[in-house]
Amino acid sequence: MSSMSKPYLVRASLLAGFAIFMGLALSFVVYQSTVNVKTNAIDLVSNRIPILTSINELIADLSEQERIIYEYYRSQDNGIFIASTAEVKNNFNMHLAVILSQDRFADEAGVIVKGQQKIAALFENFYQAMQVDEDNWDELRAILTKVSTVRRQLLPTIKSIEQQTKKTVDEGHKATLEQMAISHWLVIIYGISIVLIAGVISWYIRQYMLTQAKNTRLALFSHQNPNPILSVNNLGEVVFANPASEKLLLCVGHQAADFNYLLPSNFLSLRQKLSSQQDHNVTVDQMLNDHILQISVYWHEEIDAYDIHIKDVTERKLAEEQVKHLAFYNQETNLPNQYKFNKDIDSAITRGEHFSLGIFAIRAFDEKVSTLGLEATEALVKALVINISQALPTGVYFYQINDSQFGLLCSKSNNSLALQGLTKVVSDVADQSLITHCGEFFVELDFGYGCYPTHGEDRNFLIMCAHSALAVASENQHNNFCLYEAIFSENRQKSIELINKLRHAVAKQELFLVFQPQLDLKSNRVTGIETLVRWRHGGDVISPVDFIPLAEQSGLIIPIGQWILEQACRFAKQLVDLGYIDIIVAVNVSPRQFSHPQFCHTVQRALDEVKLPPGNLELEITEGVFINNEENTLSVLKHLKSSGLHLSIDDFGTGYSSLSYLKRFPIDKLKIDQSFIRDCHKNDEDKAIIKTIISLGKSLNLSLIAEGVEEESHVDFLRSLGCDEIQGYWFSKPVLPEQLITLLVEKGGDIQVEPLSYLPST
């Protein structure tokens, strides 16, 4: 550090020595000048005109007085000032005595005496003022001004004496003045030089002091820094360590002097690296017991030494790991989450590895949440995750995408057979009971897979492939495995396009209704009509099988269902006005439509708008509406029943497994699903199921109607069991409203039980 301030001190010393040399030289020159003046004066006094000499000396004495006081003002040397003042005073009195000896100059001598007395008084005041410690430079300058003023006031008097004798001493006078001028300019030049040199010296001294202060601060910085700092020489020896280094060593269980533990473990290789690279700084992380140290090494090339700064970043690293864990792991199950799933897929794609990704979901998860509660469902998921994690083979990575969906990243399983094997492993685990603090549970899983690069090379597309396959697997009740196929995307795109077109179907009047009559087997009369919707788009009639599920998924079933209800009520009112007051028009209600909070209000408004008696309207409800919130379902059904509506359960026997709702809910009719009717003439199992359903319905005083009746044998079998009504192609296909009215008019009262020849194409 001292090397930084030493040049300033050396330069300041050289300039100070030069100033002293100039002072000595000037003193010598001034001394020589004074000797010359003295010689000239003696010559004038002794050989020429003593009076003129005295006058000149008086003038010189006055100037000398002023010079002395200015010199004193500059140097502040009391001793020199007193001595010089006394000397000039004596000289002045001596020279004045010559003038006083001349009677003709008595008046002038009196003026000179008084002026000299004023100067003496001002000298005394100046001396006293110089002894004061306060900042009184203005007062001093005022006294100096007065001294100069008095001197100038005396000059005319002296000049008058001088003029009288000048002619006789002109030559001597000129010589004296020339010598004085030389001395005067030498003093001025020296004074200016001294000021300049003093300024430069002061600047160097100031830089020296600032550098010293900086060096002190730098030394204190290392010593008092809260982070460990080491200095290491070119031999790898620690030559300096601040107190923080000792504190850290004691904290981790080492001796305070074991500084080598703080050096990077690969310090030798780091030194070689620093010497070979342009940047002389490198930072590494290193473990010291249970602490994580961030070590920064800087190489001072000019002295071949190293500064090492150490920071304990244990808490920061742990916090970073915690944040990373929060960002990439599910907090409930501790599984990697969707973000980690995406990141690992991107990494695998970057490496160019062949892999498969799978997404599996807990079947009917929302129903489990609504029936079991959130706490029990979370416990179920945790238990499932633990069991699956223990069963997964090597090379398969497990992720949790959301509450009910999980991801699999398979580095080895890249074909259908291997993925089916993996699915079986996970499914076998899921088939086992899950024991939790909330009870024992069982789950079913559905799996969808996509492969890289077979199905795509983009992460988002691969995930979409897996989701598409999962959707297909979820729809298949008998197979929970599906590997993506290109047709899935085509179907998905078609579905999206169909949904977009369906949004405008009502406004474009593309939807229309057809009605299928329901025949009472005892009276052989049409007692009911089921309302069915069709969609005519682009010249083709689209089947409800194709667009009703899409309407359910997209939520369009709400406005479409409302439109169907309103149109059905209008047609029912038309039939009533035609005299068919006992015919009941049935309208299918989807679970999503039924769960809408304004459903009851929508039904009542549809009835009120056309003034249709509630007894002429029947709402067909699928068993799916009973799955969620049975109490709310019961409340809605009771409200509808109290309005006078008829209620029936559509597709009975294919959905909800519990039969308790038949006892609790105000149902009027059961519709036996056509899947049991279609083959009942040749399938004993279907016959047994139909017998059971009819027996159950009769015991509960419910009406029974069979769908999908197409064979004479179906009619005979159902009649023998006491089924109340039938519906199907054996009697009539769905027909347009005007065709149905024609059919009712033509058939009149009783209808012969025989297939109708009028089967319009719709």
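Before anything else, I noted that two strands pair if DSSP finds at least two bridges between them. Helices (H or I, at least four residues) and strands (E, at least two) are DSSP runs, numbered from the N terminus. The model is predicted, so to speak plainly, local features need pLDDT of at least 70 and side-chain atom pairs count only at pLDDT 80 or more, while totals for chains, interfaces and linings use all residues. Residues are numbered from 1 along each chain as its sequence is written, and side-chain values use heavy atoms, with hydrogens and water left out.

**Entry: strand β19**

I began with β19 and strand β20 (residues 703-707), which pair in the parallel sense over four bridges. In β20, L704 is the bridge partner of L670. Strand β18 (residues 646-652) also runs parallel to β19, joined by three bridges, and there I found I649 opposite L670. Which residues of β19 (residues 669-672) are buried on each side? I counted a residue as buried under 20% relative accessible area, exposed over 50% and partly exposed in between, using a 1.4 Å probe and protein chains only. K669 and K671 are buried on one side, and L670 and I672 on the other, so both faces are covered.

**Entry: the five-stranded sheet**

Next I looked at an open sheet with mixed pairing and the strand order β7-β8-β6-β11-β12. Its edge strands, β7 (396-400) and β12 (481-483), each pair on one side only. From one strand to the next, the twist averages 20°. β7 and strand β8 (residues 405-410) run antiparallel, joined by five bridges; I found Y399 bridged to G407 in β8.

**Entry: two helices**

I then checked helix α11 (residues 365-372) against helix α12 (residues 374-391): their axes come within 7 Å and cross at roughly 130°. Axes are lines fitted to C-alpha atoms, for helices over the stretch in contact, and angles run from 0 to 180 degrees between N-to-C directions. That angle makes α11 oblique to α12 (under 35 degrees is roughly parallel, over 145 roughly antiparallel, 65 to 115 roughly perpendicular, the rest oblique). Contact means heavy atoms within 4.5 Å; α11 brings F365, K368, V369 and L372, and α12 brings L374, A376, T377, L380 and V381.

What does V603 touch? Leaving out residues up to four places away in sequence, I listed L565, L617, L619, L640 and L645.
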